[in-house]
Amino acid sequence: MTSRTADFRIKRVYDTPDKADGTRVLVDRLWPRGLRKEKAAVTLWLKEIAPSTELREWFGHDPARWTEFGHRYCAELACNDGAVAQLANLSKLGPMTLLYAAHDTEHNHAIVLSAYLSDHLKDGHGHHPA
């Protein structure tokens with residue numbers, strides 16, 4: 001039996017959709033400002049996978065808090081089995097693009113989420129029923 005490594009991509013939701021994106025999942029708790037739903041071409045808006053409001057406000061996109069933010073967000077994800085399993089199951093269908101609205105392309109929760117999901121699936125988890 002061959003195992004397939006999940007193919008996660010990360011992209012700003014404001015960037016032009018591409019066929020190579022595969023399943024496009026918006027991973028923000030709030031809908032992106034000024035973006036019409038048709039233009040976003042989102043397959044799924046999974047608000048539940050986003051960092052808590054408290055964590056998001058604490059982080060405030062401050063690069064100095066990036067490492068601690070990553071630890072705290074991973075702790076939240078570890079307690080969020082349903083949403084994590086949903087993404088893990090979707091990832092079996094082919095490429096998946098995690099969409100976020102933040103301006104900072106180097107310090108955003110989609111980066112942490114992608115790494116968490118990759119580790120989660122590599123460790124043999126994520127094979128839960130939807």
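Contact means heavy atoms within 4.5 Å. Keep that in mind for this predicted model, where local features need pLDDT of at least 70, side-chain atom pairs count only at pLDDT 80 or more, and totals for chains, interfaces and linings use all residues. Residues are numbered from 1 along each chain as its sequence is written, and side-chain values use heavy atoms, leaving out hydrogens and water.

**Stop 1: R24.** Select R24, in strand β2 (residues 23-26). Strands here are DSSP runs of E, at least two residues, and helices are runs of H or I, at least four, numbered from the N terminus. R24 is buried, with a relative accessible area of 4%. Buried means under 20% relative accessible area, exposed over 50%, partly exposed in between (1.4 Å probe, protein chains only). Now show its contacts. Leaving aside neighbours within four places in sequence, they include K11, D15, A41, T43 and L99.

**Stop 2: the aromatic pairs.** The whole structure holds 5 aromatic pairs. Rings of Phe, Tyr and Trp (its six-membered ring) pair if their centres lie within 6.5 Å; planes under 30 degrees apart count as stacked, over 60 as edge-to-face and the rest as tilted. Select F59 and F69. Their ring centres are 4.3 Å apart and their planes at 20 degrees, so the pair is stacked. F59 lies in helix α2 (residues 53-59) and F69 in helix α3, so the pair ties together parts 10 residues apart in sequence. Both are buried.

Finish with Y73: F59, W66, F69 and Y73 form one aromatic cluster.
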